[in-house]
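Open the model in your viewer and show it as a cartoon. Then follow the stops below.

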Amino acid sequence: MYCEHCCRLTDAEACPECGKRQLRPVREEDPCFVLSTGQIWADMVCDVLKQNDIPFLKQGRMGAGMAMLTGIPLETYSLYVPYSHFEQAKEIADSLIAEPGADESEEDIEADEEMEDEEEQ
């Protein structure tokens, strides 16, 4: 289901962002929220989206005037893509902005720690 207010996709009965219960089926052209992040990461994701010919909207939360006053690095940007490109855009964003170690197994982490211990000795 799709929340027109937040542009979010959800399987729940209400929007996880605003709590709105008036959800509808998503359409191919609906803008869908991909992520919210700082300027550097947003620019990086936008660059890769452009390289993959994925249309997107990059929207700042503060607006240009406030961002100039407080400093552009403090601005947070939300990225939206048409639903028809959502899965591909989400994969790109997730691959670029992954939590450190999110794709490592416990064995990999333990092996890395053992190698670090050996190097210290």
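**Stop 1: the sheet**

Select S4 and S5: 4 bridges join these antiparallel strands. Strands (E, at least two residues) and helices (H or I, at least four) are DSSP runs, numbered from the N terminus. Two strands count as paired if DSSP finds at least two bridges between them. This is a predicted model: local features need pLDDT of at least 70, side-chain atom pairs count only at pLDDT 80 or more, and totals for chains, interfaces and linings use all residues. Residues are numbered from 1 along each chain as its sequence is written, and side-chain values use heavy atoms, with hydrogens and water left out.

Now pick Lys58; its bridge partner in S5 is Leu79.

Click Pro31 to find Pro82 of S5 as its bridge partner. Then click Gly38, which stands opposite Thr76 in S5.

Show all three strands. They form an open sheet in the order S3-S5-S4. S3 (31-38) and S4 (57-60) stand at the edges with a single partner strand each, so one side of each has no neighbour in the sheet. Neighbouring strands are turned by 25° against each other on average, direction ignored. Angles run from 0 to 180 degrees between N-to-C directions of axes, which are lines fitted to C-alpha atoms, for helices over the stretch in contact.

**Stop 2: the helices**

Select H1 (residues 39-51). It lies across S3, S4 and S5, at about 140° to S3. Contact means heavy atoms within 4.5 Å. Switch to H3 (residues 86-96), which lies across S3 and S5 at about 15° to S3.

**Stop 3: back to S5**

How many of the 7 residues in S5 are buried? The count is 5, and S5 is mostly covered. Buried means under 20% relative accessible area (1.4 Å probe, protein chains only).

Key. Buried means under 20% relative accessible area, exposed over 50%, partly exposed in between (1.4 Å probe, protein chains only).
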